Amino acid sequence: MQPFTTLTAIAAPLVEADVDTDIIYPARFLTITEKKGLGRYAFHDRRYDGQGRELADFVLNRDPWRHAGILVAGPNFGCGSSREQAPWAILDLGIRCIIAPSFGEIFRGNCYRNGMLPVIVGDADHAALLSDANAGARLHVDLSARTITRPDGSTIAIAIDDGKRDALLNGWDEVMGILNLYAGTIDRYERDRRTRLPWLTR
Amino acid sequence: MPFTLYDKLWNSHVVAEEEGGISLLYIDRAMLHEVSSPQAFAALREKGLKVRNPGAFLAVADHSVPTRHRDRPIADPQARAQVELLALNSNDFGIDMIGLDDPRQGIVHVTGPEQGFTLPGLTLVCGDSHTATHGAFGTLAFGIGSGECESVLATQVLRLTKARTLRVNVHGDLPPGVGAKDIILAVVGKLGSNGAIGHAIEYAGPAIRALTMEGRMTLCNMSIEAGSRTGLVAPDEVTFAWLEGRPLAPKGADWDAAVAHWRTLPSDESAVFDREIDIDATKLVPQVSWGTSPDQVADVTGRVPDPAGAGDAETAAKMTKALSYMGLTPGMPVRDIVVGHVFIGSCTNGRIEDLRIAARVLKDRRIADGVQALVVPGSKAVKSQAEAEGLDAIFRAAGFEWREPGCSLCVAMNDDRLPPGARCASTSNRNFEGRQGQGARTHLMGPAMAAASAIAGHIADPRDYLGEA
C-alpha cells in the first residue's frame, strides 16, 4: 500500500447527498476482475453520455477539477454496496482524499485499506472547504499533523484514530501486519473456541 | 452486567484489543462470490499466503450468472471468466465451491442459510453489503470489501471498531397484506439512508417475533439501506425449527448443545441500547419507494411527496433530484405510477414465501398488456420447492417468465438489464440511479405488491388482490 503522508491538491466539489457506489462504479463493470486501471469507469454515467462523450456539467470533466486530488463530497458518500471497485476507481483517477460530513461505512473502511484518507468534518468546516473547492483552490493535507490547511492558512483538524493513521503513514499491509503480530493469539483463540463450542467444527 | 445480543456476539469473538477501541474480531465463516473475491485471491498469491481455514468458507457464483440458458456456457466472456476464476481459486485454495449445476446453487444470502452454513452465535462475512441478511438467525453478519476478504482468508480476523446499538421495536401485529418488506422500508424511511451509520440494529418486538425466518431475512437484509452494516433478530424457537436438519447444521447431541448455547444469546431484559426507535405495526400500510434512495418511501395509498414540504434544503435537493430522475410529479397518487417491468427475486425477496404470496395474488389472473415480468428464484432449492407446489405454473399462466437463480435484475450485472427510462416494480433492495440498467427507474416493494402491480400495469395495493383469494 502506498503511504499517505501529505497531499497538496485541487479539491473538487461534489456536494449531492447519497452518492452511492452504483454512481461511483456502475455494476455493469463489475465483471472486471482487475483492481488497477478502473479510473475510466469512475462516476461513468455522470461523466459520459450514451456515446461515451464527456458531459460538460460534471465537475471532474471541468477545469481545474479535472486534475483534482481531493474530493469534497456530500453526506453519506459511498453508501450502498461493498464493492471495493468504488475506491479503486477513484484512486485511479488520482484522488486520494475524500472529505464529507459522513460516509457509507463499508466504503470508508475500504478507503483506508487502499492508502486513501476519508475525512469526516462538521457542517461549518464542510462549508468552508466546499467554498475553497468551488473556487478551484488547493488544499494541503498533512496526516502526520492531522490537519487540512486552507488557502487562507487556517487549519481544520482530521479526526482519525492512531492505528489507522500509523497504517496510512507507513503504508502498512493489513494482512502481513496481523500475521506478524497475532498469529499465535489467533491460534490460541481458535483452540479455546473449539473447546468451548465443540459442535461448531463441521 | 446485562448485555445486548450484539454485545454477546461481539464480546465472544474478540481475539485481541488494541488502543483506540479497535478489536481483532474472529470471523467464524465467510461466503465468497465471483465479484469481490478475485482480487483477494490474487493478493494471497502475490504474497505467497495460504487460506488459514478453508473449511470456514463457502463459495457460490450469483452476481454475474445468467438466469437463462444455463445448459450452455455463459455467453458474456467476461462473466464466464469471472465465474471460472471463482472455481479455479476455490479449487486451488481448498474451498468448497457450489457450481452453477449444483442443486445448492443460489444467491449467497439464500444458499448460506438454506445449507445451515449460517448459524446463530457465529460471525459471518461476505464481500456483499447485504450480508446482514444472516443476522436474522442471531448471527453477527456484515458486508466487507475485497481487501477485508483477503484478511479473512489469510488470518480469520478483521480489525474493527465496535458499533453502537440501535433497537428497532416493532409493536403490535401486522395487518393483513402487510409484510416484512413493508416493515423494513418503513424503518429505512424513518431512519434515513444514513440514519444508522455506526450502529448495529436489533429488530425486536411482537411483530418481529411473529415473522417467519424468510420474513426476518428480508428485514435484516436491508439494514445497510439505513447505513447499518449489521441487522439482528434474536434466535428463538422459530429459528431453531427452521435450522434443524439443514445439511450443515449440527446433528444429534451437537444440535442440543448448540441450541442450549443459542438460547443464551438474546439481549438481557435490562440491557441498555444506545438508541431505540418505535414502529407501530398495526398502523403500517404497504410501502413503496418513489425516489432514488431507499429511504424515499411512501404508503401505497399515498402521494408522491413535494420537495416544497421538505424539512430542510438538503432533503429538498435530494428529493428534487430523485423526482427528476424518476420522471414523477409531486402530489401524484402513488398508484398512478405506470410500470412496464416487474421483477420478483433477489436476496431480499427471492425465497419460497415471497413466491408463495406473489403466486397467491397472481392465481387465475393475467399481467397487464405491455408489462414484462420476471421471477428469479433465490436458489435452486427455492425453485424446486416452488415447482413442487405448482407456483411456476401460476407465474407462467399469468405471463411471468420463470428463470434460473441469481442476483439478476437486483444488480443488473448479467444480461437481465432494463433499457433507459424503463420503470420497474421490483422486490429488490436498491432504487439507486441506474441500478437495474443505465437510466432505468426502480420502485422497491414487497412481492405481493409487485405481483399486484404486474396485473394492474401500475403500482397497486396488494390488499385489493389478496382479499379476494
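Into which domains is chain B divided? Chain B splits into domain 1 (5-275) and domain 2 (286-466), with bounds that come from an automatic or database domain assignment. What you see is a predicted model, where local features need pLDDT of at least 70 and side-chain atom pairs count only at pLDDT 80 or more, while totals for chains, interfaces and linings use all residues. Residues are numbered from 1 along each chain as its sequence is written, and chains are lettered from A and ligands numbered from 1 in the order in which they are written.

**View 1. Here is where domain 1 of chain B meets domain 2 of chain B.** The C-alpha centres of these two domains of chain B sit 24 Å apart. Across the boundary, 40 residues of domain 1 of chain B are in contact with 40 residues of domain 2 of chain B (in contact means C-beta atoms, placed from the backbone, within 7 Å). On the domain 1 side, α4 (108-115), α6 (180-191) and α8 (213-221) of chain B each give two or more residues; helices are DSSP runs of H or I, at least four residues, strands are runs of E, at least two, and both are numbered from the N terminus. The largest share of that side, six residues, belongs to α6(B).

**View 2. Now look at the contact between chain B and chain A.** Chain B puts in 60 residues and chain A puts in 44 residues. On the chain B side, α5(B) supplies the largest share, six residues.

**View 3. Zoom in on α5(B), a mostly covered helix.** Of its 10 residues, 10 are buried (a residue is buried if 20 or more other C-beta atoms lie within 10 Å of its own, exposed if 12 or fewer, and partly exposed in between, with C-beta atoms placed from the backbone). Among them are C149(B), V152(B) and L153(B). The cover includes α4 (105-112) and α7 (174-196) of chain A, plus β3 (29-32), α2, β6 (123-126) and β8 (157-161) of chain B. Just past the helix, Q156(B) takes a positive phi of about 70°.

**View 4. Last stop: the largest nonpolar core, with 210 residues.** Such a core is a set of buried Ala, Val, Leu, Ile, Met, Phe, Trp, Tyr and Cys residues joined through C-beta atoms within 7 Å. The residues that touch the most other members include I99(A), I183(B) and A451(B). α6(B) gives the most to this core, eight residues. Domain 1 (5-275) and domain 2 (286-466) of chain B both contribute, so the core lies between them.

Notes: Contact = placed C-beta atoms within 7 Å.
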